[in-house]
Amino acid sequence: MVLASLTLWLSAFVVNAAAQAAVSPHPIVLHAARLLDVKTGRIVKPGEVLVLGERIVESGSSVKHPAGAEVIDLGDRTLLPGLIDAHIHLFLHPGAEDLQTVQESVPQRTITATLAARDDLMAGFTAERDMGTEGAGSADTAVRNAIDEGRIPGPRLRISGNAINILGGHEDAIGYNPEQHVLPNANYANSADELVAVMRQQFKEGADFIKIYETGTDSLRDGKLSTPYQYTEPQLEVAAKEAARVGKRVAVHATGEPGTLFAAQAGVVSIDHADQLSDETMRLMKEKQIFAVPTFTIFEYFAEHAATPEQGSRQQKMLDVKAQEFKKQIAAGVPMAVGSDVGPFPHGTQARELVLMVKFGMSPLAVLQADLLNGAKLLGWESQIGALEPGYFADVIAVPGDPLQEIGVLQNVGFVMKGGVVYKK
């Protein structure tokens, strides 16, 4: 299995080398039937983008065509910014999640992550936030750095290393023989002081932000979510302040109350999953501009691929609750970002998340703005990615048709450019 994965990794390296070789020292003009101005929601016809190096110089219905410029005609397609997935797991793949983190070595899992990064990029995701390596420590630092250095293909990455968890918490090795001393998929921190110590170690190893498990395990009782919290509001506030000390932020896995309220009170940057939120939590999230990242796709996948009918029924009920609560969150003005929780389901297929967010209540434009504009803010790249504007990175994709009319076209990305490099054409 490792040898086969290594062969695929080498082919990915060749893909990247070819992409690097295709970079023209001259300007590039992208031309298509349409261009999405995500900030205004307008479709510009036709659409053109002028790229010089790694940046956009001009965009609109017609741009300058400098002497010697390479013109890439994408025909009857729509140009739009590269997609953003704010909740991914590069080090996971479909299968028994707990077993793969125990049975597979960190080198093997790093190969998996390298292949996953390539698949996500080829699907049009040019920026992502990896929400924990699930027991692979700071191996994501190496993957991020290799991408940044142009050694392997992949999205721009914000990484968190291992997430943080309490003893016996959501990501501890529950259910194994204690005498085997199976390690958790996250780092232990059982107090505010321990949180700070673990965070400092993660920052030392290259983490861009901190992920904390705040709730779990979840259960439904008469349609009401029950989930124990892991850290108190004062403990989370200490973590948020420690991250802010070095210009970084904290994101939490939190599905319900009171953990979600504690996270909002502490001032985290995002509450991921956000299955069921109280009125006060939603009010604080709107006031503080804390993003909810719903992650519908993983719930749908688990419901459809459950080991037993009973498990499938439980997962479907949870998805139904999420969908109902999502409508309340939209009405309350909770800021949304787009994250799929890809990893336990196949990398490169996560544009399904945008489709589900439309299905459950948002307009296609609102979802695209949540993905691109809010995603750029959440990842700390505001005014750098998420729009086709002068000075932004030339992260551009092309899709058939009009995504404002049919959001599903985002599942069929035919052209990918990241930083002025053409990876898929």
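Which side chains meet in a salt bridge at 2.9 Å, N to O? In this predicted model, the pair consists of Asp272 and Arg129.

The salt bridges in the model number 18. Another of them joins Lys425 to Glu70, with the closest N and O atoms 4.0 Å apart. Because Lys425 lies in the segment after β21 (421-424) and Glu70 in strand β6 (residues 70-73), this pair connects parts that are 355 residues apart in sequence. Lys425 has a relative accessible area of 68% and is therefore exposed, whereas Glu70, with a relative accessible area of 29%, is partly exposed.

A salt bridge is also formed between the side chains of Arg352 and Glu300, at 2.7 Å from N to O. Distant parts of the chain are linked by this pair, since Arg352 is in helix α11 (residues 352-359) and Glu300 is in helix α9, 52 residues apart. The relative accessible area of Arg352 is 25%, so this residue is partly exposed; that of Glu300 is 11%, so this residue is buried.

Helix packing was examined next. Two packed helices are described by the angle between their axes and the distance between the axes. For helix α9 (residues 296-304) and helix α10 (residues 309-331), the axes come within 8 Å and cross at roughly 155°. Angles over 145 degrees count as roughly antiparallel, and α9 and α10 are therefore roughly antiparallel to each other. The crossing of α9 past α10 is left-handed. On the α9 side, the contact is made by Phe296, Phe299, Glu300, Phe302 and Ala303; on the α10 side, the residues include Met318, Leu319 and Phe326. By class, the residues of this contact are eight nonpolar, three polar and two charged.

Helix α7 (residues 259-266) packs with helix α8 (residues 279-288) at an angle of about 25°, and their axes are 9 Å apart. The two helices α7 and α8 are therefore roughly parallel to each other. A left-handed crossing describes the way in which α7 passes α8. Thr260, Leu261, Ala264, Gln265 and Ala266 of α7 make the contact with Glu280, Thr281, Leu284, Met285 and Lys288 of α8. Five nonpolar, three polar and two charged residues make up the contact of α7 with α8.

Methods. Residues numbered from 1 in each chain as written. Predicted model: local features only at pLDDT ≥ 70, side-chain atom pairs only at ≥ 80, totals over all residues. Heavy atoms only, no water. Axes fitted to C-alpha atoms, helices over the stretch in contact; angles between N-to-C directions. Helix = DSSP H or I, 4+ residues; strand = E, 2+ residues; numbered from the N terminus. Parallel < 35°, antiparallel > 145°, perpendicular 65-115°, else oblique. Left-handed = near helix turned anticlockwise from the far one by under 90°. Contact = heavy atoms within 4.5 Å. Nonpolar A, V, L, I, M, F, W, Y, C, P; charged D, E, K, R; others polar. Buried < 20%, exposed > 50% of the residue type's maximum accessible area, 1.4 Å probe, protein only.
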